[in-house]
Amino acid sequence: GMGQERNAWFSQGKKTSYDATFPTVMEKLKRISGIKVDEALLQKFIPHAGLLNIDEVEDIGKAWLQVSKKVAVDVHELRRNILPLSALYSIAEHSRALLVALTDGALPSNTGGGYNLRVILRRALSFIDGHKWDIDIAELCRWHADYLKPLFPELKESLKQVEKILEVEKEKYNATKQKTQSVVSKLLQEEIDENTLLQLYDSQGIPPELIRDEALKLGRKIIVPDNFYARV
């Protein structure tokens, strides 16, 4: 259960397993997003990144402070540098997972494994929207398929079907965004706490980032906990 990515990561001496397993995709994403990686900071940060595993940390805010002290960088500056790059890695990983799963015949849905696919797609789309990146998930899947063709040629053969499914799911996501506007306007009359965010995500599939962004437009600040998806 060690995972082949770790062997590729260690043998190549890359900073992360993502840079080892889909290097061409990451280079394209960095160019499109305009992210300039602070290599010196990343080299100091990576050995301590495991301390921020939200599945194992009770207080993620405190964990960020601890890591910031270890790398001798202000915690706000550290988060400003690391979180966008983390989002970019997540988009790359989620899109590859979707490509493989959809090629195998899985479909996004509201139950079971299909629900997981819908969640990671919407999470990737929310990262793209939140950072205002000009990234297309279907195109990203094409990049993955090109890179993986020597090992898995079937991925490239299934691209048209995958793109159709992604387009349908993106339309549903956009419809959810529209619904969020009316939901938030009603909720603002009440208290929107973490339990409310969890309930809306679980029952209606509305990501907390959408609620936060819509509330901000209406002059209300809502905090999305760092461990929200771990709670889900």
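Buried means under 20% relative accessible area, exposed over 50% and partly exposed in between, computed with a 1.4 Å probe on protein chains only. The structure is a predicted model in which local features need pLDDT of at least 70 and side-chain atom pairs count only at pLDDT 80 or more, while totals for chains, interfaces and linings use all residues. Residues are numbered from 1 along each chain as its sequence is written, and side-chain values use heavy atoms, with hydrogens and water left out.

**View A. The stacked pair of Tyr18 and Tyr89.** Rings of Phe, Tyr and Trp (its six-membered ring) pair if their centres lie within 6.5 Å, and planes under 30 degrees apart count as stacked, over 60 as edge-to-face and the rest as tilted. The structure holds 5 aromatic pairs; in one of them the ring centres of Tyr18 and Tyr89 are 4.8 Å apart and the planes meet at 15°, so this pair is stacked. Because Tyr18 belongs to helix 2 (residues 17-21) and Tyr89 to helix 6, the pair ties together parts that are 71 residues apart in sequence, where helices (H or I, at least four residues) are DSSP runs numbered from the N terminus. Tyr89 is buried at 7% relative accessibility, whereas Tyr18 is partly exposed at 31%. Ring pairs join Tyr18, Phe22 and Tyr89 into a cluster.

**View B. His94 in helix 6 (residues 75-103).** With a relative accessibility of 9%, His94 counts as buried. Its side chain makes a polar contact of 3.1 Å with the side chain of Arg123, a polar contact being a pair of N or O atoms within 3.5 Å; within protein, one must be able to donate a hydrogen and the other to accept it, and residues adjacent in sequence count only if both atoms are side-chain atoms. Apart from neighbours within four places in sequence, His94 is in contact (heavy atoms within 4.5 Å) with Ile120, Arg123 and Ala124.

**View C. His48 in the loop between helix 4 (39-45) and helix 5 (60-71).** The relative accessible area of His48 is 21%, and the residue is therefore partly exposed. Not counting residues up to four places away in sequence, His48 touches Val67, Lys70 and Val71. The C-alpha atoms of His48 and Val73, which are 25 residues apart along the chain, are separated by 13 Å.

Methods:
Helix = DSSP H or I, 4+ residues; strand = E, 2+ residues; numbered from the N terminus.
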